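Thank you for making time this morning. Please keep the sequence and the model open while I talk, since I will go through charged pairs, aromatic rings and one hairpin in turn.

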Amino acid sequence: MKNYLKSYPITHTTIQLRDREIQLTIVDAPDRFLDELSREDSEGRLFLPYWIYLWESAIGLARHISEKNETFPEKYILEIGCGYGLGGIAACQAGANVVFTDFEHDALLFSIHNAQQNGIDSAIFIQMDWNTPCFHCKFDLILASDVIYEEQNWQPILELLQNLLSDQGTALFSEPNRKNADGFFKYLRNNGFTFEKTTCSISLDQKTTLINIYTVKRV
Ligand SMILES: C[S@@+](CC[C@H](N)C(=O)[O-])C[C@H]1O[C@@H](n2cnc3c(N)ncnc32)[C@H](O)[C@@H]1O
């Protein structure tokens, strides 16, 4: 075990993609850390440590990237709210230069470890809150797996797309068919974006979840 994964108990899992596997190291039995890692900001807003779970949306996004058989040579890709980094790792394996971001420091430690154990040595990892993005460049592709669950995040994520997605760029969102997701994509549509939706089923921990993948572009 790498000591930079701190004192978390860890477990290993293999994610099967179309033509390859991705090895992930994740927190074992994460429920027991929910209380310990939850925090409130000065305005009393509660932040739950969602990064400690591996979400079906990330598996759906990684499979989508591999099943599309796309390659991203020379492409600059930003992943927001990367958690364990699965989507970004799939994009790296397709040839992209990926910047992994999350506002949780320990999520980045795991994503660094996971990228390295899958042979990726040239990615960039930055602790970043999507409310205060730290880039002045544009990205060809933005990856966003299960990040639109709270409506308070819609405006900053829209602004991030407006500011950081290149004119011909694409954003890939994945989400587990939540009721409020339609609202986010209508909001994007009302603000200069268009999208296509596909659906897949992901089985994890003996449960099958419908995952929607949205391919978003500027109008
Ligand atoms: C539901 S998890 C999804 C993680 C990963 N993308 C996946 O699908 O497995 C949401 C992720 O967004 C991150 N996150 C939440 N709010 C954020 C913010 N304001 N800025 C950056 N990351 C944030 C969390 O730390 C967590 O990793």
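Let me begin with a definition: a salt bridge here is a side-chain nitrogen of Lys or Arg within 4 Å of a carboxyl oxygen of Asp or Glu. Before I apply it, please note that this is a predicted model, in which local features need pLDDT of at least 70 and side-chain atom pairs count only at pLDDT 80 or more, while totals for chains, interfaces and linings use all residues. Residues are numbered from 1 along each chain as its sequence is written, and side-chain values use heavy atoms, with hydrogens and water left out.

By that rule the count comes to seven salt bridges. One of them joins Arg20 to Asp19, whose closest N and O atoms are 3.0 Å apart, and Arg18, Asp19 and Arg20 are linked in a network of salt bridges. For accessibility I call a residue buried under 20% relative accessible area, exposed over 50%, and partly exposed in between, computed with a 1.4 Å probe on protein chains only. Asp19, at 46%, is partly exposed.

A further salt bridge brings together the side chains of Arg45 and Asp41, at 2.9 Å from N to O, and Arg45 is partly exposed with a relative accessible area of 38%.

Where in the chain do the partners Arg178 and Asp146 lie? Their salt bridge has its closest N and O atoms 2.6 Å apart, and the pair links distant parts of the chain, with Arg178 in the loop between strand 9 (165-175) and helix 6 (181-189) and Asp146 in the loop between strand 8 (139-145) and helix 5 (154-164), 32 residues apart. Helices (H or I, at least four residues) and strands (E, at least two) are DSSP runs, numbered from the N terminus. Asp146 is buried at 9% relative accessible area, whereas Arg178 is partly exposed at 30%.

I turn now to the rings. Rings of Phe, Tyr and Trp (its six-membered ring) pair if their centres lie within 6.5 Å, and planes under 30 degrees apart count as stacked, over 60 as edge-to-face and the rest as tilted. The count by this rule comes to 19 aromatic pairs. Among them, Tyr50 and Trp55 are edge-to-face, 6.0 Å centre to centre with 75° between the planes; Tyr50 is partly exposed at 28% relative accessibility, and Trp55 is partly exposed at 27%. Phe173 and Phe185 have ring centres 5.8 Å apart and planes at 85°, so this pair is edge-to-face, and it links distant parts of the chain, Phe173 being in strand 9 and Phe185 in helix 6, 12 residues apart. Phe173 is buried at 2% relative accessibility, and Phe185 is buried at 1%. Ring pairs also link Trp154, Phe173, Phe184, Phe185, Phe195 and Tyr214 into a cluster.

A charge sits over a ring if NZ of Lys or CZ of Arg is within 6 Å of the ring centre and within 35 degrees of the ring normal. Arg39 lies over the face of Phe47, at 5.0 Å from the ring centre, and Arg39 also lies over the face of Phe103, at 5.4 Å.

Finally, the hairpin. Two strands pair if DSSP finds at least two bridges between them; strand 10 (residues 193-204) and strand 11 (residues 207-218) run antiparallel and are joined by 12 bridges. Thr194 has Lys217 in strand 11 as its bridge partner. The hairpin has two residues between the strands, and Asp205 takes a positive phi near 50° there.
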